[in-house]
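Please keep the sequence and the structure in view while reading.

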Amino acid sequence: MTIDAIIVAAGRGERAGGGIPKQFRSLASRSVLARTLDALAGHAAIRRVVVVVNPQDTDHVEAVRGETARSFTTVPGGATRTDSVRAGLAALADDAPDAVMIHDAARPFLSSALIDRLAEALDRHAAVIPALPATDALMRVMTDGTIVEPVDRAVVRAAQTPQAFRFDTLSAAYARLGGGGLADDAAVILAAGGQVHTVEGEAENFKLTMPADFRRAEAMLMGETITV
Ligand code: CTP
Ligand code: MG
């Protein structure tokens with residue numbers, strides 16, 4: 001089965017702050033995007049990688065090329081993540097793969113074992129995503145934060161990326177989608193009436209979203225330096 005990958009890296013990283021979009025910030029001397037590329041493009045199951053970028057970030061992207069030996073093409077993204085994924089899918093359509101993995105540039109710590117689990121599940125499922133059980137107690141709330149009721153932890157999961165799909169299945173779901181951005185590609189499949197399977201996610205595969213996530217990442221990498 002041929003599997004291509006799309007890394008969505010066209011966001012602005014407003015919640016993370018830091019002056020430049022978070023995917024181009026450095027963690028222990030290497031950019032987040034270079035780390036993400038190495039983890040994904042370095043896996044033997046992945047044929048081609050398309051990185052979806054904002055044209056304003058061309059200089060940052062060229063700097064990343066100097067940091068990694070992995071080859072990748074780029075394509076301009078859109079206003080929402082959904083638009084950016086759509087642009088990535090269009091770039092792959094000419095020489096379409098059997099399957100595609102869509103990954104957030106802002107998740108540099110995915111393991112090759114996770115990619116293995118997803119690739120293996122693609123033999124049986126057209127749509128499969130990594131997910132983690134909730135550990136905190138969960139509450140349904142009103143918009144003002146007042147609690148309505150507890151939510152049973154057993155019936156929820158936190159969704160991660162890479163999200164893996166048969167290419168035709170995801171393309172058809174995107175073709176059916178109207179306007180409006182959805183949170184992720186699993187939501188696009190569900191909106192089209194499809195089923196999404198889950199495999200075990202990884203706590204380390206968190207998304208760099210807030211300033212504290214960068215401090216956590218720096219601490220993780222510091223630990224690695226000390227133990228090797
Ligand atoms: N993304 C994208 N195109 C967009 C919006 C998001 O390619 N128009 C990408 C981001 O670059 C990121 C991933 O989608 O790798 C997940 O989005 P998120 O964590 O929300 O990143 P940002 O949108 O950049 O951050 P923020 O919402 O805080 O501005
Ligand atoms: Mg965003």
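## A helix and its expected span

The expected span of a helix is 1.5 Å times one less than its number of residues. The structure discussed here is a predicted model, and helix 3, which covers residues 81-92, can be examined with that rule. Helix 3 has 12 residues and reaches 17 Å from its first C-alpha to its last, which is close to the 16 Å expected at 1.5 Å a residue.

Which residues of helix 3 are buried? They are Arg81, Thr82, Ser84, Val85, Gly88, Leu89 and Leu92. Seen down the axis of helix 3, these buried residues fall within an arc of 160 degrees, so they line one face of the helix. The elements against which the buried residues of helix 3 pack are strand 1 (3-9), strand 4 (46-53), strand 5 (73-76) and strand 6 (99-104), together with helix 5 (167-176) and helix 6 (185-191).

## The nonpolar core

The largest nonpolar core holds 51 residues, and those that touch the most other members are Ile6, Ile7, Val8, Ala9, Val52 and Val100.

## Strand 7 and its partners

Strand 7, made of residues 127-133, is joined to strand 11 (residues 163-166) by two bridges, and these two strands run antiparallel; within this pairing, Ala127 has Phe165 as its bridge partner. Strand 7 also pairs in the antiparallel sense with strand 10 (residues 157-159), over three bridges, and here the bridge partner of Pro133 is Arg157.

In which sense, parallel or antiparallel, do strand 7 and strand 12 run? Strand 7 and strand 12 (residues 197-200) run parallel and are joined by four bridges, with Val128 having His197 as its bridge partner in strand 12.

## The whole protein

The protein contains seven helices and 12 strands, and its C-alpha atoms fill a box of roughly 50 × 45 × 35 Å, taken along the principal axes. A compact globule of 228 residues would have a radius of gyration near 17 Å, and the 18 Å of the protein agrees with this.

Buried residues make up 36% of the 228 residues. Among contacts between residues at least 6 apart in sequence, 71% join residues that are at least 24 apart.

Notes. Residues are numbered from 1 along each chain as its sequence is written. Chains are lettered from A and ligands numbered from 1 in the order in which they are written. This is a predicted model: local features need pLDDT of at least 70, side-chain atom pairs count only at pLDDT 80 or more; totals for chains, interfaces and linings use all residues. A nonpolar core is a set of buried Ala, Val, Leu, Ile, Met, Phe, Trp, Tyr and Cys residues joined through C-beta atoms within 7 Å. A residue is buried if 20 or more other C-beta atoms lie within 10 Å of its own, exposed if 12 or fewer, and partly exposed in between; C-beta atoms are placed from the backbone. The arc is that of the directions from the helix axis to the C-beta atoms. Two residues are in contact if their C-beta atoms, placed from the backbone, lie within 7 Å. Two strands pair if DSSP finds at least two bridges between them. The radius of gyration is taken over C-alpha atoms; the globule rule is 2.2 Å times the number of residues to the power 0.38.
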